[in-house]
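Dear colleague,

I am handing over the structure below, and after it I set out what was found. Please read the notes with the model open beside you.

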Amino acid sequence: MEFTGVYHRTSEQMSYPLNEDELIVNLKTGYDVERVFLHYGDPYEAGIMGGSEKWTGKREEIVFKKRLRHQLWWTTTLRPEYKRCKYYFELHTKDEVWYYFEDGFLTPEQVQMEGRMLQCFIVPWMNPADVNRTPDWVNETVWYQIFPDRFCNGTPEENTLDIVPWHAGPVTNQERFGGNLKGIEEKLPYLKELGITGIYLNPIMEADSTHKYDTKDYTRIDPQFGTNEDFARLVKKAHEHGIRIMVDAVFNHCGRRFAPWLDVLEKKEKSPYADWFMIHDWDNLEKRADTRDARFYSFAFADWMPKLNTNNDEVIDYFCGVCEDWIREFDIDGIRYDVGNEVSHRFLKKMRERLRALKPDLYLLGEIWHDASQWLAGDEYDSVMNYPLLSGIHDFFLDKSMDKAEFEYMVNRCYTMYMQQNNNVMFNLLDSHDTERLMNRFHDLDMFYQQLAVLFTMPGSACIYYGTEIAMEGGHDPDCRRPMPWHELSSPENQEKIAAMRSLIELRKTAEACRSLYFHFPGEYREERLVEYIKLDSQNRKLEVLLNCGEEAVSVKEEGEVLFSRKYENGVLEKNGTLVRRKREE
């Protein structure tokens with residue numbers, strides 16, 4: 001057996017309570033392992049210390065598995081009667097049987113050896129307080145990300161001289177277009193008709209830049225966008241339309257005009273805020289240049305965004321209070337933490353404890369672009385922005401040498417990184433204010449919709465960036481932040497695109513299987529770049545997704561109800577064609 005391919009721990013995403021009654025147990029093995037059995041039971045079934053009676057446990061086969069590039073991921077769900085569980089694994093290859101314990105591998109003869117102290121895996125107690133709980137409503141939410149200055153100007157009559165005329169095409173980060181909260185409120189009926197049930201807002205608190213990631217005042221809506229009263233009204237109106245609101249929180253760093261930073265600049269080490277930041281060279285604090293000289297830490301090397309010391313108790317208490325006020329004053333539904341992997345774990349743990357006490361179903365989302373397991377144990381974030389899925393989807397469509405097995409490995413990797421609770425509310429996206437726009441990557445509308453079909457049928461919640469409904473183009477920052485071309489939406493071409501987006505959103509909302517955690521890749525077709533996967537709902541009803549990413553048309557079985565398609569007719573799925581259909585009951 002390939003021993004180096006086998007891995008399990010009673011921690012992280014390998015063994016954890018799904019709820020108060022169910023325990024998820026996962027195991028990685030090499031491809032040489034053909035069958036896995038789990039021996040499990042209560043640790044005290046043979047007495048307190050084992051006594052003369054030998055502990056054996058119940059033996060069950062683990063039948064569910066996912067393929068990773070070099071390993072298999074086996075998973076099962078147990079219901080420990082007394083909230084405790086003791087277990088070990090029985091692994092079968094073609095020619096061998098091995099038993100896997102906490103301290104390693106044993107032969108069948110060694111397991112049966114009289115008097116041997118078997119070191120089983122142990123889950124001592126499934127404490128309800130330790131269960132990773134995420135907000136149920138998020139899985140059913142379709143998000144729409146808005147960059148406020150570029151979405152809609154609801155008060156054009158109040159434009160000042162520094163506001164650039166609204167236009168399509170390339171932009172800079174210095175231009176102000178006048179988008180504001182009243183403009184967003186004005187477009188709520190449009191968003192509701194599109195099917196949107198959640199808005200993710202880029203920062204709206206007072207700051208000097210157009211992007212607002214250099215916060216000046218965390219308690220005040222930026223006057224360019226409106227007032228605190230305007231935002232409270234927007235949230236109230238959004239809720240009346242069945243739309244939740246998530247705000248962007250910039251707590252890793254602040255702007256150069258944040259009052260505590262100004263105080264530090266004036267008083268240096270004597271400032272009561274001296275430890276709110278990470279300063280190493282007090283003599284050169286006012287120097288204006290990037291921070292590669294390490295005089296103080298900042299976001300990246302931007303000297304105009306000094307890094308906050310989120311290890312400091314006063315900083316933690318201040319920002320907990322800021323968020324509590326956001327909840328009380330505005331009734332927000334979620335918080336997205338900018339640069340969410342650089343603030344301290346201590347900060348996030350305290351933040352979650354205080355905010356969940358105030359609003360138990362508040363959604364806490366971290367901006368993390370890599371494996372975020374250490375932030376998703378149930379005491380910090382509920383979820384992260386699923387950039388690994390975005391990257392994996394993009395790379396598969398870019399690299400024609402990758403076959404459908406590589407797509408399967410990629411998706412399975414993304415959904416075996418975290419607990420099911422987190423997967424259920426993962427923030428899935430294909431582009432954002434930080435990336436090139438989706439349509440810009442291949443300039444192919446059919447490939448654009450293929451990728452959207454994946455987005456809307458994956459576990460978690462789906463988010464589209466404003467303008468994606470009309471396949472807006474735009475390169476990397478700042479080009480991805482172009483104004484929304486409202487004057488172009490009525491064209492037949494854009495109305496057709498909006499109808500397609502509305503169809504995908506409706507599919508997501510009405511077909512439970514689209515939102516389900518359960519999927520597999522059946523491999524019924526021989527074509528190397530015909531992606532195929534099945535989603536299952538709670539009644540085991542099947543939804544089939546077929547994407548022809550190859551160069552030739554493919555004949556597929558004509559069965560089931562077609563729910564969404566492009567370039568599909570009479571059983572033939574053309575190059576770059578998409579087919580989503582409900583499978584007939586067998």
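**Cysteines**

Cys120 is buried, with a relative accessible area of 8% (buried means under 20% relative accessible area, exposed over 50% and partly exposed in between, with a 1.4 Å probe and protein chains only). The sulfur of Cys120 lies 10.0 Å from the closest cysteine sulfur, that of Cys85, which is too far for a bond, a disulfide being a pair of cysteine sulfur atoms within 2.5 Å. Cys320 is likewise in no disulfide, the nearest cysteine sulfur, in Cys323, being 7.0 Å away, and Cys320 counts as buried at 0% relative accessibility. The structure as a whole holds zero disulfides.

Please keep in mind that this is a predicted model, in which local features need pLDDT of at least 70 and side-chain atom pairs count only at pLDDT 80 or more, while totals for chains, interfaces and linings use all residues. Residues are numbered from 1 along each chain as its sequence is written, and side-chain values use heavy atoms, with hydrogens and water left out.

**Nonpolar cores**

The largest nonpolar core has 121 residues, where a nonpolar core is a set of buried Ala, Val, Leu, Ile, Met, Phe, Trp, Tyr and Cys residues joined through side-chain atoms within 4.5 Å. The residues with the most contacts inside this core are Tyr144, Phe231, Phe251, Trp326, Ile335 and Leu452. Helix H6, residues 313-330, gives the most to the core, with nine residues; helices (H or I, at least four residues) and strands (E, at least two) are DSSP runs, numbered from the N terminus. Once its neighbours within four places in sequence are left aside, Phe231 is in contact (heavy atoms within 4.5 Å) with Leu181, Leu201, Ile204, Ile221, Ile245, Val247, Phe330 and Ile332.

**Helix packing**

H6 packs against helix H7, residues 345-358, at an angle of about 30°, with their axes 10 Å apart; axes are lines fitted to C-alpha atoms, for helices over the stretch in contact, and angles run from 0 to 180 degrees between N-to-C directions. That angle makes H6 roughly parallel to H7, since angles under 35 degrees count as roughly parallel, over 145 as roughly antiparallel, 65 to 115 as roughly perpendicular and the rest as oblique. H6 passes H7 in a right-handed crossing, a crossing being right-handed if the near helix is turned clockwise from the far one by less than a right angle, and left-handed if anticlockwise. Among the residues that make the contact are Ile316, Phe319, Cys320 and Cys323 of H6, together with Phe347, Met351 and Leu355 of H7.

A second pair is formed by H8 and H12, whose axes come within 11 Å and cross at roughly 145°, and here too H8 passes H12 in a right-handed crossing. Ile393, His394 and Phe397 in H8 meet Met447, Gln450, Gln451 and Val454 in H12.

Helix H9, residues 404-414, is mostly covered, nine of its 11 residues being buried, and the buried residues include Lys404, Glu408 and Asn412 as well as Phe407 and Tyr409. What covers the buried residues of H9 includes helix H8 (387-398), helix H10 (420-423) and helix H12 (445-455), along with strands S5 (64-67), S21 (518-520) and S22 (530-536).

**Loops and backbone**

The loop between helix H5 (259-267) and H6 contains Glu269, and it also contains Asn309 and Ala300. The C-alpha atoms of Glu269 and Trp282, 13 residues apart along the chain, are separated by 7.4 Å. Asn309 is buried, with a relative accessible area of 9%, and its C-alpha atom is separated by 4.8 Å from that of Phe277, 32 residues away along the chain. Not counting residues up to four places away in sequence, Asn309 touches Asp275, Trp276, Phe277, Met278 and Val315. Ala300, by contrast, is exposed, with a relative accessible area of 52%, and its phi is near 50°, a positive value in a residue other than glycine.

In the loop between strand S20 (461-465) and helix H13 (492-510) lies Pro478, and the peptide bond from Asp477 to Pro478 is cis, with omega near 10°. Ala471 is found in the loop between S20 and H13, where its phi is near 55°, again a positive value in a residue other than glycine, and at 8% relative accessibility Ala471 counts as buried.

With best regards
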